[in-house]
Amino acid sequence: MTDRRVPRRRDPEGRRRAIVSATVEVMAEHGLSRVSHRLVADRADVPLGSTTYYFPALSDLVSAAVEQLARSYATEIQEWGRRLAAGEHPRTALVQLAADYLADRARAIVEIELYVAAAREPALRPPAEMWIAQLQEILEPVTGPVRARAVSMLLDGAMLRAVVSGAELDVEALDHALRSVLEPA
């Protein structure tokens, strides 16, 4: 009897990327506190030893996933900035952008969970602070620095409330709140 298995092509970087992507998926499905090398290996369809080879400590694995999420967020926030710079009314654009962001619930949950985890894990604070800074940076040209901070907090709260409640974004309330910050009487 011959072995008919097709050998896998050696692709260390591809395997590493698959492990990191699987970590993000495990975090979305099970939560940050339930991430384990074994769950990630199963999800990535790699031997358990591969996860510990590339990421000896669980914190290394989580850090790599956070870095991937940070790159994804940076790309998305740049798109937000382009949209705001295109001249669409800021209030209208922000409400739509927040709703679009929440369309990928799994990713929103992971990002919010990591954002909150930064309160306990100093290693997670730099990405969380970067997310805050990037949002404020794209808002400042449109709103000014003080309003940018207020709008950033408002968006964080509205999106957090939608994720926690499992409900759709309260577009009407967000629009009203943004109007009161961006267009004070």
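A nonpolar core is a set of buried Ala, Val, Leu, Ile, Met, Phe, Trp, Tyr and Cys residues joined through side-chain atoms within 4.5 Å. The views below show a predicted model.

**View 1. The largest nonpolar core of the predicted model contains 54 residues.** W80, L114 and L155 have the most contacts inside this core. Two or more residues come from each of α1 (12-30), α2, α4, α5 (90-102), α6, α7, α8 and α9 (171-182). The largest share, 11 residues, is supplied by α4.

**View 2. L114 is shown with its contacts beyond its sequence neighbours.** When neighbours within four places in sequence are set aside, L114 is in contact with M27, L32, V66, L69, L124 and W131.

**View 3. Helix α4 has 28 residues.** From its first C-alpha to its last, α4 reaches 40 Å, close to the 40 Å expected at 1.5 Å a residue. Just after α4, G87 takes a positive phi of about 100 degrees.

**View 4. The largest pocket holds about 300 Å³ of space.** Its lining is made up of 16 residues, and Y73, Y101, Y115, D156 and M159 lie nearest the centre of the pocket. At least two lining residues are supplied by each of α4 (58-85), α6 (105-117), α7 (125-143) and α8 (145-165). By class, the lining has 12 nonpolar, 1 polar and 3 charged residues.

**View 5. D45 lies in the loop between α2 (37-44) and α3 (48-54).** Most residues other than glycine have a negative phi. D45 is not a glycine, yet D45 has a positive phi of about 55 degrees. D45 counts as exposed because its relative accessibility is 52%, and exposed means over 50%.

Notes: Residues numbered from 1 in each chain as written. Predicted model: local features only at pLDDT ≥ 70, side-chain atom pairs only at ≥ 80, totals over all residues. Heavy atoms only, no water. 1 Å grid on protein atoms, 1.4 Å probe; cavity = no way out; pocket = protein on both sides within 12 Å on 5 of 7 lines; lining within 4 Å. Points joined across faces, edges and corners; volume = space filled by probe spheres on them. Helix = DSSP H or I, 4+ residues; strand = E, 2+ residues; numbered from the N terminus. Nonpolar A, V, L, I, M, F, W, Y, C, P; charged D, E, K, R; others polar. Buried < 20%, exposed > 50% of the residue type's maximum accessible area, 1.4 Å probe, protein only. Expected span 1.5 Å × (residues − 1). Contact = heavy atoms within 4.5 Å.
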